[in-house]
Amino acid sequence: MTVPASLLIVDDDRELGQMLTEYLTAEGFQVSLVRDGAEALARLTGQSVPYDLVILDVMLPSLSGFEVLRRLRHSLSIPVVMLTAHGADVDRIVGLELGADDYLAKPFNPRELVARVRAVLRRFSRREPDTPNHPVSVGPIRLDPATFDVTLSGQSIRLTGTELRLLEVLMRAVGQVQSRESLTERVLGRRLTPYDRSIDTHVSNLRRKLGLGENGLPEIRSIRGAGYVLISAAEARAEQAS
């Protein structure tokens, strides 16, 4: 029998928190609810109860959702879905830059939240049947999908599950342009919608964390109107020499 995924909801809106608890429980999840950022951080870092995913509101008492996420990312790679104010693009961008795996703007349909949660959990719990499971290397970057491990010149690099999946897709298709639509579907598990810049923010995070494009490292190149492509350092040098 499959063990239900355990979710921690962090939201100080009592009515919304109760509604989400009941809805997600009915969808087969084990759900806990806290209304305070400091309490959420204590639970997550104390690991007294293991959680599979956090649904984290931005506006919280004592510690904001951003601060909770920032502190979490120093030690944990647990997937996080942020809840942001409607139309607050800055909140969305900041959340993704701090390491959130996805976001949803309030108000939202609970079914959409369930879809986002399941898509994020799939990226952590299993791989698509046609996805290779062997390690892949591009220059000094090595990724082992079986252990969720990424190293740069032998040094371990901490990535979120979303960043790791994005890097893997680009590495396995090195030199081949991947459209934003394809990356959104394969990495985020949903269709690209107008004005959705999530995949772009995740690409930016990868560039920053790995120093891509610097010191002879591979680079993720943006192809206007087409998407993104990972270029090896050797290929970049050959382009410059030609």
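**Exercise 1. Find how many salt bridges the structure holds, and follow selected pairs through the chain.**

Solution. The structure holds 17 salt bridges, a salt bridge being a side-chain nitrogen of Lys or Arg within 4 Å of a carboxyl oxygen of Asp or Glu. This is a predicted model, in which local features need pLDDT of at least 70 and side-chain atom pairs count only at pLDDT 80 or more, whereas totals for chains, interfaces and linings use all residues. Residues are numbered from 1 along each chain as its sequence is written, and side-chain values use heavy atoms, with hydrogens and water left out.

Step 1. Asp-11 forms a salt bridge with Lys-106, their closest N and O atoms being 2.9 Å apart. The pair links distant parts of the chain, since Asp-11 sits in the loop between β1 and α1 and Lys-106 in the loop between β5 and α5, 95 residues apart. Helices (H or I, at least four residues) and strands (E, at least two) are DSSP runs, numbered from the N terminus. Both Asp-11 and Lys-106 are buried, where buried means under 20% relative accessible area, exposed over 50%, and partly exposed in between (1.4 Å probe, protein chains only).

Step 2. The side chains of Arg-116 and Asp-102 meet in a salt bridge of 3.3 Å, N to O. Arg-116 belongs to helix α5 and Asp-102 to strand β5, so this pair ties together parts that are 14 residues apart in sequence. Arg-116 is buried at a relative accessible area of 12%, and Asp-102 is buried at 1%.

Step 3. Glu-168 forms a salt bridge with Arg-165, with the closest N and O atoms 3.8 Å apart. Because they are three residues apart in helix α6, Glu-168 and Arg-165 are separated by about one helical turn. Both Glu-168 and Arg-165 are buried.

Step 4. Salt bridges that share partners join Asp-102, Glu-112, Arg-116, Arg-190 and Asp-196 into one network.

**Exercise 2. Work out how β1 is enclosed and which strands pair with it.**

Solution. Step 1. Five of the five residues of strand β1 (residues 6-10) are buried, so the strand is largely enclosed by the rest of the structure. Ser-6, Leu-8 and Val-10 are buried on one side, and Leu-7 and Ile-9 are buried on the other, so that both faces are covered. In a regular strand the side chains alternate between the two faces of the sheet.

Step 1. β1 pairs in the parallel sense with strand β2 (residues 30-34) over five bridges, two strands being paired if DSSP finds at least two bridges between them. Within β2, Gln-30 is the bridge partner of Ser-6. β1 also runs parallel to β3, to which four bridges join it, and Leu-7 stands opposite Leu-53 in β3.

**Exercise 3. Describe the sheet that contains β7 and β8.**

Solution. Step 1. Four strands form an open sheet in the order β6-β7-β8-β9, and their pairing is antiparallel. β6 (136-138) and β9 (155-156) stand at the edges, each with a single partner strand, so one side of each is left without a neighbour in the sheet.

Step 1. β7 (residues 141-144) and β8 (residues 149-152) pair in the antiparallel sense over four bridges, and Asp-144 stands opposite Asp-149 in β8.

**Exercise 4. Locate backbone features at Pro-107, Ser-153 and Tyr-195.**

Solution. Step 1. Most residues other than glycine have a negative phi, and most peptide bonds are trans.

Step 1. The peptide bond from Lys-106 to Pro-107 is cis, with omega near -10 degrees, and Pro-107 lies in the loop between β5 (102-105) and α5 (110-125).

Step 2. Ser-153, in the loop between β8 and β9, has a positive phi of about 55 degrees and is exposed at 56% relative accessibility. Tyr-195, in the loop between α7 and α8, has a positive phi near 70 degrees and is exposed, with a relative accessible area of 78%.
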